[in-house]
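Hi there,

As promised, here is the structure for you to open on your side.

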Amino acid sequence: MWESESESAAGREYGSGLLTSTKHSVKTEGFQQRGNSWYVTADIPSDLLVQIGDVNFHLHKYPLLSRSGKLNRIIYDSRDPDLNKIVMDDLPGGPEAFELAAKFCYGIAIDLTAGNISGLRCAAEYLEMTEDLEEGNLIFKTEAFLSYVVLSSWRDSIVVLKSCEKLSPWAENLQIVRRCSESIAWKACANPKGIRWSYTGRAPKAASPKWNDMKDSSPSRNQQVPPDWWFEDVSILRIDHFVRVITAIKVKGMRFELIGAGIMHYATKWLPGGLHMIVAGPRDDTSTLQAKDQRMIIESLISIIPPQKDSVSCSFLLRLLRMANMLKVAPALITELEKRVGMQFEQATLADLLIPCYNKNETIYDVDLVQRLLEHFLVQEQTESSSPSRQSISDKHVSNNINAKTRVARLVDSYLTEVSRDRNLSLTKFQVLAEALPESARTSDDGLYRAIDSYLKAHPTLTEHERKRLCRVMDCQKLSIDACMHAAQNERLPLRVVVQVLFSEQVKISNALANNSLKEGVESQYQPMIPNRKTLLEGTPQSFQEGWAAAKKDINTLKFELETVKTKYLELQNDMENLQKQFDKLLKQKHTSAWTSGWKKLSKLTKMTNVENHDISPQIPTTEEQNRKTTRRWRNSIS
């Protein structure tokens with residue numbers, strides 16, 4: 001995709017890439033392939049058969065022995081001068097690399113490219129084609145091509161590093177992987193102004209960022225190069241080579257946000273079904289080989305994520321954590337990943353937290369995992385609050401902490417509401433997760449109330465004690481008016497909780513009235529008196545008027561309930577008296593005991609007292625009534 005301006009100049013400086021041996025003793029017109037066998041077109045018949053895999057090379061001893069130390073040693077150690085067959089199945093690069101090496105030994109010109117140089121360099125090392133046998137031997141020339149042509153080119157460095165995937169451990173031991181990784185890292189960190197389009201490793205019509213839809217065309221000099229130009233090229237590498245490149249880029253000092261973005265791009269390309277899928281079937285559906293490869297990718301990506309906060313998104317970390325749990329990644333790496341999520345837990349969403357539980361006979365979602373993430377978040381917040389570097393900006397930091405905890409509290413309440421529908425979720429897990437946050441994190445308990453109500457719906461067999469224990473995590477004083485009205489009519493809540501809700505609602509109404517009276521008293525000192533009720537209503541905010549109307553309605557409802565309770569109490573008292581009379585009749589005998597007669601006297605005395613209390617007001621005439629009676633008698637006497 002991109003190529004530095006010095007790339008083509010370096011290629012011209014080295015030459016056209018055609019290599020030939022300086023001397024050869026067998027005149028040949030070239031190589032011919034017949035099936036799986038290669039033959040040398042020469043006047044002298046071949047006297048050596050070299051077998052590599054299922055490919056046979058019919059060659060001559062002298063051109064090979066004069067330039068290969070390994071072939072020399074094999075024939076010398078065999079003590080058989082007539083040895084005419086050598087098997088080398090472990091030669092790096094395979095038959096393709098040996099074909100080029102054999103042509104070089106015969107003095108035939110070979111074309112060195114970025115696609116074959118790494119295999120040929122490893123084959124030359126394997127065959128021990130050193131300068132001790134001939135000046136300008138194959139090791140020297142392939143090494144020169146690597147150093148002066150490949151490493152100066154962005155495109156060739158990528159291609160060579162990609163070709164090293166089949167050359168382990170030779171490419172690693174010969175430092176080809178290290179040198180290509182450092183070359184790529186150096187170019188990725190260079191100033192993009194001196195770079196032009198050169199190479200892309202994406203598949204045709206593959207999904208890619210919009211900036212990468214420009215194909216391989218060279219942009220104008222004034223076109224601005226995006227900072228993520230290297231993402232797509234580097235993402236074609238195998239995970240171990242990608243790790244080497246990212247490690248080298250870190251050493252060069254690239255911004256951690258850009259490194260994190262490159263890691264996310266790589267994960268999206270190599271884990272297309274994992275980062276966005278919701279597991280619906282058993283894990284056995286994934287093949288063992290694919291699961292092993294994905295596990296290795298995930299473990300490698302976790303190890304190279306920059307340690308700084310916000311280097312990658314929290315959503316990406318949680319999706320990575322989902323796959324890590326599914327593929328049984330090493331516990332130490334999962335713990336490290338959980339800590340990273342805890343660092344930026346306030347950025348998570350509900351969909352990201354709904355991670356399935358892969359243990360049988362457990363809850364649908366992994367509640368224990370969310371509990372651990374929340375604990376890591378709280379530990380991180382506590383650590384940042386107590387660090388000396390934060391004390392100088394304590395006010396701003398405290399504000400950020402409060403906002404983060406508030407967002408996390410809303411997220412946890414939403415999560416509890418979602419998982420509460422699971423019948424396998426125990427009361428203890430629900431309670432522990434709900435109480436994990438400090439009280440100051442929740443400014444309102446409406447979300448927690450919704451979660452409790454949802455849990456009660458899904459678990460109708462809870463005992464009274466368990467329902468009280470569940471509602472204990474909620475603070476009734478933090479419920480809004482709407483939540484209080486719903487809770488007061490909620491038959492699933494314990495009676496004691498309903499009473500607390502009604503009391504809390506009454507206190508809020510009283511406080512609202514008191515605050516309103518105080519506000520009116522203060523404003524009356526600076527503003528003229530409001531002439532009438534209509535003007536008063538017009539000067540009151542609409543929201544307060546609606547709140548006052550609702551509060552007035554609640555007061556009337558409470559009064560009505562109180563009158564109903566009084567009526568029921570009087571009915572119960574009358575029933576008690578009737579039962580007492582029936583009891584007295586049944587116990588009435590000729591010889592009643594002193595205790596029975598005393599009880600009857602006490603009962604009669606109580607009844608008389610009640611009657612006197614009820615009738616005392618009508619027996620005492622008022623002064624007006626006495627005057628009326630006196631006037632009437634006087635009128636009768638006159639008549």
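Let me start with serine 37, which touches Gln32, Asn56 and His58, leaving aside residues up to four places away in sequence; contact here means heavy atoms within 4.5 Å. Serine 37 belongs to strand β4 (residues 37-42), and it is buried, with a relative accessible area of 11%. Buried means under 20% relative accessible area, exposed over 50%, and partly exposed in between (1.4 Å probe, protein chains only). Between serine 37 and aspartate 54 there are 8.7 Å in space, C-alpha to C-alpha, and the two are 17 residues apart in sequence.

Before going further, please note that this is a predicted model, in which local features need pLDDT of at least 70 and side-chain atom pairs count only at pLDDT 80 or more, while totals for chains, interfaces and linings use all residues. Residues are numbered from 1 along each chain as its sequence is written, and side-chain values use heavy atoms, with hydrogens and water left out.

The overall picture

The protein has 28 helices and 9 strands; these are DSSP runs numbered from the N terminus, with helices (H or I) of at least four residues and strands (E) of at least two. Of its 639 residues, 41% are buried. Taking contacts between residues at least 6 apart in sequence, 72% join residues at least 24 apart. The protein exposes about 37400 Å², and carbon and sulfur atoms supply 54% of that (Shrake-Rupley method with a 1.4 Å probe; for residues, only the protein chains shown count as cover).

Rings and charges

The whole structure holds 10 aromatic pairs. Rings of Phe, Tyr and Trp (its six-membered ring) pair if their centres lie within 6.5 Å; planes under 30 degrees apart count as stacked, over 60 as edge-to-face and the rest as tilted. One of the pairs is phenylalanine 31 with tyrosine 106, edge-to-face at 5.6 Å centre to centre and 80 degrees between the planes. Phenylalanine 31 is in strand β3 (residues 28-34) and tyrosine 106 in the loop between α4 (94-105) and β8 (110-111), so this pair ties together parts that are 75 residues apart in sequence. Both residues are buried, and Phe31, Trp38 and Tyr106 form one aromatic cluster.

Charges sit over rings too (NZ of Lys or CZ of Arg within 6 Å of the ring centre and within 35 degrees of the ring normal). Arginine 34 lies over the face of tyrosine 39, 4.6 Å from the ring centre, and the charged end of lysine 70 is over the ring of tyrosine 126, at 4.7 Å from its centre. Lysine 70 is also among the buried residues of helix α3 (residues 69-78), with Gly69, Leu71 and Ile75. The cover over them includes α2 (61-65), β7 (85-87) and α5 (117-127).

Finally, the buried residues of α15, including Ile334, Leu337 and Val341, pack against α13 (288-304), α14 (314-326) and α17 (367-386).

Best wishes
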